[in-house]
Structure formats: C-alpha cells, structure tokens
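User: I'm new to this one and want to learn how to read its strands and helices. Could you walk me through it?

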Amino acid sequence: MHPRLASGEPDYSRAVPCRCTKKEPKGECQERLKRYSNLGSLARFTFANLEPRGQSGHPRAQEQFQRAAEAARAFAAAPKGWLVLGGPSGSGKTHLAAAIVNESISRGNPALYITAPDLLDRLRASFGTDSETPYDEFFESVRAAPLLVLDDLGAQSGTPWAREKLDQLLTSRFNSELPTVVVTIKPVADMEERLRTRLTDPRLSQVYVLEEDKPTQDYAWGPEFALQKGMTFASFDRRRNLPPEQQENLDWALEAALGFAKNPEGWLVFMGFTGSGKTHLAAAIVNYCYEAGQPALFVVVPEFLDHLRSTFGPESKVSYDELFESVKTAPLLVLDDFGEQSTTPWAKEKLYQVLNYRYNGRLPTVITTRHSLDEIIEKFDSPLSSRLADKSISVPFNITAPDYRSDVTNNHKSSSRGRKPRRY
C-alpha cells in the first residue's frame, strides 16, 4: 500500500516497506536489497574504504573530491533531489555512486544501480520473445526506482532511440523529483540543452565535477618555451625608470598576476603594447603553479592553431582530439598573443569552442593581447569577445608601460655596455 498525501491521493514519491517484509530477518532483507541493487562487483565500494581526498596528488583535485564525497555522504543519509557527478575516468565518481547504494542498503532502503549502456541493452533485449522481463515492466521498474543511480551517462550510443529512452527516463524522474544520482563521463556543458537543463536545475540538482589526476610532468615547458621558463615573478623587471603613473600601473599588474597565481579563479586579461610585460607576467603565473605542483598550460594562440591544423596530416604524432581537448580542459590555461591569429571562420570557431567551454565551466584562464577590448570586439564576432568582456568572470587589465626596448635604447645612450634585451 502506498503512503497517502494530505489530499488522500497516493504518494508515489516515497517507498515504504511492504507489511509482508516487516517480520523478515535483517540478514535476508539485506540480501534481497543487494540483489535488487544490481551492484555486482561494485559492492566492494563503500564510504568506509573511500580515500577522503581521492587518489590525486594535486591539492585542487583533492579539495574537489572531498567536497563531492561530503555531498555523497549527505545524499546517502537523506536522498533528496539529484546528485550529478562529473569528471574523467579514474577520478572516483563511480566509487562515490556505488557507496551511496551500499549506504542505502545498510539503512534497509532500496537503491538501483545501472549504467546507461546496460540500461539501453536490457531495454533492447526485453523486446525479444525469450525475455524474462517485458519491456514495459523493466522500464517502469527503473523509472520508478525509489533511488536510482545512473552511471556512465554519455557512454551510450547516440541513436535517436537511445536519446528518446534516456529523455523519457530522466524527464519522468525530474518531474516526480525522485532521488537520482547521475554519473557523467562527458562535461555537462557539452550535453544537449534539454538534458543539460535538467542536470543543472538549481532547484533540484547538485553538480560536482571531479578533476582529472594528471601528473604535473604532463604540464611542463617544452623546448620551444626556453624564454618563458625563466620568466618568474622574481625576475620581473619593475622598470623604475618609468613615469610614476606607468610605474604604479606596472606594480598593480604584478600584484594582480601574483594574486591570480595564488588563487586562480575566473579570467585575467592582460592588454598592452608589445614588450609591456604581459607575457612575462602570464608565464610567471604558470611557473608559480609548476613550483607549487599545480598543473597549468601555456599556449601561444597562432602557434596553437597551426599545430591544430597540422594534426590533420598523416605524419602527425598527436591526434586532433587529443591536442584540442588538452587545451580546452587544462586546469589553468594561458592564451598568449590572442588576436594575432588569422580571422578565418575556422580559427574563430576553434577559439570560440575553447573559450566557450572554459566560460561555461568557469575554468581559470589568463589571456594576453596587444588589442583593446573594443578592437577585439571589432575584429571578432560578439559571442567570442563578449566572454572576454563579461565582468562576472573576466578581469581586464590594461598595462600602460611602453615597449621594454625603449629602456634598452635609453640605457645605450647612458652606458656603452648596454643591457641585454629581454622578451616580455
């Protein structure tokens, strides 16, 4: 018998034990719930054997995992709404999902675990004449599960039928506000709008993204960045020969860059003349991250687009997807010399994809350009430039110092020894 609402109507959003099971021994009840859960070998994943801060050695990834683990424990104790866990393979999201099911079982409550590909395979098989469970009965059992954990969303085939079945399932549970855990293998921002709006609905869903545990050595200066490797905050030339207002502006730029390096959040856009110091400050942020064991990636925009084009060649050692994804998803990305690239539709499209992904994901990004925001808006279409100008995420900083070569010229006039020029 279903519990009743105040109106007297059945309340299908809550599950209560059948009277016939109230006298069931606890051990038998646990076994029945384990069979129902469909966990199989994943029953070994519990909160008891969970690493509190995950397997990553990076502090940022550890903090993200810890927050997700705390949310998973709270959800398991009182399942309500939706919990969405995202992140790459190996980040620990399936362990958290299975632990929620195990915790539910330990409390005597039913929970069903199934992956999106397995769900669709079983639905297809249920059409067969030898199927033990008819299609309607199986689909309804998943749709009405008191607590559903749907793992590997995004790994299924993208056929219209598959999209329709998943939409039916998730829309039904969304409208009924049934407790649901969704584990995605692709960024929520990349999913179809209808699905994305359900997974990110702030009224119902909590979304936690676990960071990939990429070794720090994967993020290191290549041989082509010998100059940038030596550009640190300590080696930054504060150019005391500048007029007071330019000196103060350069000090503020240094302070902004150092503050960003210590707490990378949002976007920092350095604008200024060639040689004004913006590349040095951007590279210093990356060097600061490397020193702290944090991943970061420095990219010169025109060269990145050239490398991206070259991946289509038969002799390329790196695939297009591998290179593009590494830039798009970098935990901290520096885009140097933005605006110096060609303005072909293809180049605009690729940069828009990178910036739009990072904009939606609020990923820390540093951009250097010799153009003003007005010039960027004029040169590029508004969807791209508007993201750089969005004050909710982006902090534009105009460095007013002139080209460093003016210092070199002045020094040559006052000293026969001169000074070796440096690139900023």
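User: Which residues of β4 lie on one side and which on the other, and are they buried or exposed?

Analyst: In a regular strand, side chains alternate between the two faces of the sheet. In β4, T180, V182 and T184 lie on one side, V181 and V183 lie on the other, and all are buried. Buried means under 20% relative accessible area, with exposed over 50% and partly exposed in between (1.4 Å probe, protein chains only). Five of the five residues of β4 (residues 180-184) are buried, so this strand is largely enclosed by the rest of the structure. Strands here are DSSP runs (E, at least two residues), and helices are runs of H or I with at least four, numbered from the N terminus.

This is a predicted model, so keep in mind that local features need pLDDT of at least 70 and side-chain atom pairs pLDDT 80 or more, while totals for chains, interfaces and linings use all residues. Residues are numbered from 1 along each chain as its sequence is written, and side-chain values use heavy atoms, without hydrogens or water.

User: Which strands pair with β4?

Analyst: Two strands pair if DSSP finds at least two bridges between them. Strand β1 (residues 82-86) runs parallel to β4, joined by four bridges, and L85 has V183 as its bridge partner. β3 also pairs with β4 in the parallel sense, again over four bridges; there, L153 stands opposite T184.

User: What does β2 pair with, and which way do its residues point?

Analyst: β2 pairs with β3 (residues 148-153), parallel and over four bridges, with T115 opposite D151. L112 and I114 point one way from β2 (residues 112-115), Y113 and T115 point the other way, and all are buried.

User: Now helices. At what angle do α4 and α5 pack?

Analyst: Axes are lines fitted to C-alpha atoms, for helices over the stretch in contact, and angles run from 0 to 180 degrees between N-to-C directions. α4 (residues 116-125) and α5 (residues 135-143) pack at about 155°, axes 9 Å apart.
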